[in-house]
Structure formats: C-alpha cells, structure tokens
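Here are a few friendly notes to read alongside the model. Please keep the 3D view open as you go through the points.

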Amino acid sequence: MARKRKSRGWLWRAIALLLLLVAAGAVWLWWDVQHWTPEESVYPDQGAFVGAGNGLVNFRTLGAIGASFVYLEASEGAKGQDARFTRNYAAAKEAGLQVGAAHNFDPCVLADGQSANFATMVPRQGDLLPSAIALTITAEDCPKRVSDAAIESELMTLINQIENHTGKPAILKISAEFEEQYAISAKLERNLWVSQTRFAPTYTRRPWLLWSANQHLQSAASEQPIEWVAVQP
C-alpha cells in the first residue's frame, strides 16, 4: 500500500511539473509573439504602420528600435479622417523617418468622395512614399448591393485619382479576406502589401512588396501595439 501511495505521489508530481512547463512555454510563446520582428539580416528595411487606434507614438523611439519608415493612416472612405495625421506626419519627419500615407477603401462609397477625402488630408509632397490603399472591408455589409465588377471599377478609379494627387503608383494593402472575396491581386498590377504575424503569407496571386510581419508588436514606442512592416529585399 505504501508503495502505491509513493508511486501515485511521484506521478502527480510529474504531472504537475509537466503542466508547469507547458504553462511556462505558453507564456514564453505569447511574449515572443508580442515582441517578435523579422531578422534584419533577412529583411534589412523595416518600418511600421500607425493608425488612429495607436494613440500617441514616439517616432524617435520607433526609429531607435529599427524603423526606417512609417505609414500613417490618413483617411477612410469619404468622411473618416485620422485627427492625429498632421501631428504624426510632422513628428515622423522630424524623427528622420520616411513617411507614407494610407487610405482605407470603403466598397460602399463612390471613388470620387474617397479620393477627395484623402486629398484634403495628404499634402502633395515629393518626398512622400507611395501611398497605400488598405483593402479590408468587403461589400457584404453595404446598405445596397454592390457587385464585384463595380467594386473593381471604383477601386481602379480611386487608385488613379490618388496617383494623380501624389504622382506615384499606389500600393494595395490587401487582407486575406478581401483577396479571397475579390482576387484583386490578380486583376490590378500594383505593388502588394500583405499581413500575417510571424509567417510570410502566400494568399496573394503575385509576389508582395510589403509584409505586416507582426500586427500587434509591443514596444517602447507606443502604449498600444503597433503594426510592424518588413520590405521584401
């Protein structure tokens, strides 16, 4: 009987140790994912995407942790605007970062209103990086049905209008959901920006230029997680 109790005691201690190791491994993995960025030896050019939800960002610190550029969310649809864009733009330039502007495409709204909204926020500056158009919202929740052909047509119009304003080809920042719905990467010949934490995604039909490699990076640059971006070498 004593042997059985001793054996059972060893078994429970072994199980407890195993559970402790699993918990410790999970904590380490969570921390690692929160702080991971791609190896600079593989991706020497890295930066960040800063949106309205990021709050205050210290752009000098952003540069100190490895960013050479930053994309700033400027506008969304025909009316949405990031109130911090102008301040973020000035602060990022002062910190010595290259700056690009991003617009969030709304498939429910015509291109003219969206490009006008973007133009009111983004100055005509020759040193700006090519603007990005974020494609994340599908037409499923539009008040009126919008066909795939109409979305492609309005998006192409918006691309042309933004390119006329900035003087540079736009970059398409495509989510996996948008690409699955519309296969835009196969239809529009523009540089692509893809998103997937830790592992380089393969959901676009063509090779990508930019990769949001950590969509929720914890850093000293901001109290809120930021989106960390790597450039295809």
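1. A definition to begin with: the expected span of a helix is 1.5 Å times one less than its number of residues. Please also bear in mind that this is a predicted model.

2. With that rule in hand, take helix α5, which runs over residues 148-166. Its 19 residues, at 1.5 Å a residue, should span 27 Å, and the C-alpha atoms at its ends are 27 Å apart, so expectation and model agree.

3. Which residues of α5 are buried? They are Ile151, Leu155, Leu158, Ile159, Ile162, Glu163, His165 and Thr166. Viewed down the axis of α5, these buried residues fall within an arc of 150°, so they line one face of the helix. On the face turned away from the buried side you will find the exposed residues Ala149 and Asn164.

4. Just after α5, Gly167 takes a positive phi of about 80°.

5. Next, do have a look at Ile171, which sits in strand β6. Its relative accessibility is 4%, and because buried means under 20%, Ile171 counts as buried. Setting aside neighbours within four places in sequence, Ile171 is in contact with Tyr71, Pro130, Ser131, Ala132, Ile133, Asn191, Leu192, Trp193, Leu209 and Leu210. Ala102 lies 69 residues from Ile171 in sequence, and their C-alpha atoms are 9.1 Å apart in space.

6. Now for the largest pocket, which holds about 200 Å³ of space. Of the 14 residues lining this pocket, those closest to its centre are Tyr71, Pro130, Ile171, Leu209 and Leu210. Ile171 from the previous point is therefore one of the residues closest to the pocket centre. By class, the lining has ten nonpolar, two polar and two charged residues.

7. Finally, the chain as a whole. The protein chain has six helices and nine strands, and 44% of its 233 residues count as buried. Among contacts between residues at least 6 apart in sequence, 63% join residues at least 24 apart.

How values were computed:
Residues are numbered from 1 along each chain as its sequence is written. This is a predicted model: local features need pLDDT of at least 70, side-chain atom pairs count only at pLDDT 80 or more; totals for chains, interfaces and linings use all residues. Side-chain values use heavy atoms; hydrogens and water are left out. On a 1 Å grid over the protein atoms alone, a cavity is a set of points where a 1.4 Å probe fits but cannot get out, and a pocket is an open set with protein on both sides within 12 Å along at least five of seven lines; lining residues have an atom within 4 Å of a point. Grid points are joined across faces, edges and corners, and a volume is the space filled by probe spheres set on the points. Ala, Val, Leu, Ile, Met, Phe, Trp, Tyr, Cys and Pro count as nonpolar, Asp, Glu, Lys and Arg as charged, and the others, Gly among them, as polar. Helices (H or I, at least four residues) and strands (E, at least two) are DSSP runs, numbered from the N terminus. Buried means under 20% relative accessible area, exposed over 50%, partly exposed in between (1.4 Å probe, protein chains only). The arc is that of the directions from the helix axis to the C-beta atoms. Contact means heavy atoms within 4.5 Å.
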